[in-house]
Amino acid sequence: MDLNTITEVVRRPSGRPGTEWREGDAWLAGGTWLFSAEQPHLRRLVDLTALPWDPLVPSGAGLEIGATCTIRDLYAFTPPEEWIAGPLLARCCEALLSSFKVWNAATVGGNICLSLPAGPMITLTVALEARYELWAPDGSTRFVDALEFVTGDHLNVLAPGEILRRVEIPAHALRKRAAHRRFTLTRLGRSTVFLVGTRSAGTGDLLLTVTAGTTRPVRMAFDGLPDAGTLRQSVDAVPADVWFADPNGTPDHRRHLTRHFAEEIRRELAAGA
């Protein structure tokens, strides 16, 4: 078997990469997953790390995260005090359990585009109502709600040659109160379930985001704080084929944990109203 399939690396792509895309290409950012497994279908890597994309741009409108922003840089970022949900940035970085070498190389965009159920950058951006800016090879741009990007285990809406340019998190989501719960089989294990609830100040709304236990992110939205029974019914309404199964947990186990942690989040956010 010929494992030496990469014949070329494009070190300095254009300011808007993609126009030169061809079959057998792969975008290279951190490369922590790309270099961890055989990739016999690939022939060329297009290195994005030299592009002058700002990693983090805070403003009155919210937070822009460049796709090549590393987990290390996001973790080191200190959000403004008025961004009450700001600590969730660090908590989701900590859910990417890996060595400092991986943290220094792995990127926010790479974790999102890998589209694994336990991807913590997916949890973060869906919970904070982000949208993604996508660049196509023909030079066009489109925006996709973070909730709609991942469609299944290792599946997303990216077309061939399309690239994630940046993540935009709105300020109103960062100003919400947030509560999270995460379960792993071992202290340093992959997430079995990862839930985040957010609630606007002065209102009774609740957004509950369920990830890791499902093949794609699931959001439950309530105009008012639901009672325990209503919340449980919403969890039970998640289709059976959306619950994820792997060595870290069965669908039934993940559904049970989600019911339990969803109620804990509901109570925590209700107590602080």
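The legends below describe close-up views of a predicted model.

Local features are reported at pLDDT of at least 70 and side-chain atom pairs at pLDDT 80 or more, whereas totals for chains, interfaces and linings use all residues. Residues are numbered from 1 along each chain as its sequence is written, and side-chain values use heavy atoms, with hydrogens and water left out.

View A. Helix α5 spans residues 120-127; helices (H or I, at least four residues) and strands (E, at least two) are DSSP runs numbered from the N terminus. Of its 8 residues, 8 are buried, where buried means under 20% relative accessible area, exposed over 50% and partly exposed in between (1.4 Å probe, protein chains only). Among them are P120, T123 and T125. In the loop between α4 (108-114) and α5 lies S115, a residue other than glycine with a positive phi near 60°. S115 counts as buried at 0% relative accessibility. Just after α5, E129 adopts a positive phi of about 60°.

**View B. The largest nonpolar core around M121.** A nonpolar core is a set of buried Ala, Val, Leu, Ile, Met, Phe, Trp, Tyr and Cys residues joined through side-chain atoms within 4.5 Å. The largest one holds 48 residues, and those with the most contacts inside it are L63, I65, L74, I112, M121 and L128. Helix α5 supplies the largest share of this core, 5 residues. Contact means heavy atoms within 4.5 Å; leaving out residues up to four places away in sequence, M121 touches I71, L74, C92, C93, V108, N111 and I112. Apart from this core lies another, of 19 residues, including M220, V242, F261 and L269.

**View C. Two edge-to-face aromatic pairs.** The model contains 2 aromatic pairs. Rings of Phe, Tyr and Trp (its six-membered ring) pair if their centres lie within 6.5 Å; planes under 30 degrees apart count as stacked, over 60 as edge-to-face and the rest as tilted. The ring centres of W53 and W135 are 5.8 Å apart and the planes stand at 85°, so this pair is edge-to-face. Because W53 belongs to the loop between β3 (44-47) and β4 (56-59) and W135 to strand β6 (residues 131-135), the pair ties together parts 82 residues apart in sequence. W53 is buried at 8% relative accessibility, and W135 at 9%. The rings of Y132 and F149 are also edge-to-face, with centres 5.1 Å apart and planes at 80°. Y132 lies in strand β6 and F149 in helix α6 (residues 146-149), 17 residues apart. Relative accessible area is 0% for Y132 and 0% for F149.

View D. A cavity is a set of points, on a 1 Å grid over the protein atoms alone, where a 1.4 Å probe fits but cannot get out; lining residues have an atom within 4 Å of a point. The count is 1 cavity of 30 Å³ or more. About 40 Å³ of space lies in the largest cavity, the volume being the space filled by probe spheres set on points joined across faces, edges and corners. Its lining includes L116, I122, V150, A212 and R216. A212 sits in the loop between β13 (206-211) and β14 (218-222), and its phi is positive, near 70°. A212 is buried, with a relative accessible area of 1%.

Notes
1 Å grid on protein atoms, 1.4 Å probe; cavity = no way out; pocket = protein on both sides within 12 Å on 5 of 7 lines; lining within 4 Å.
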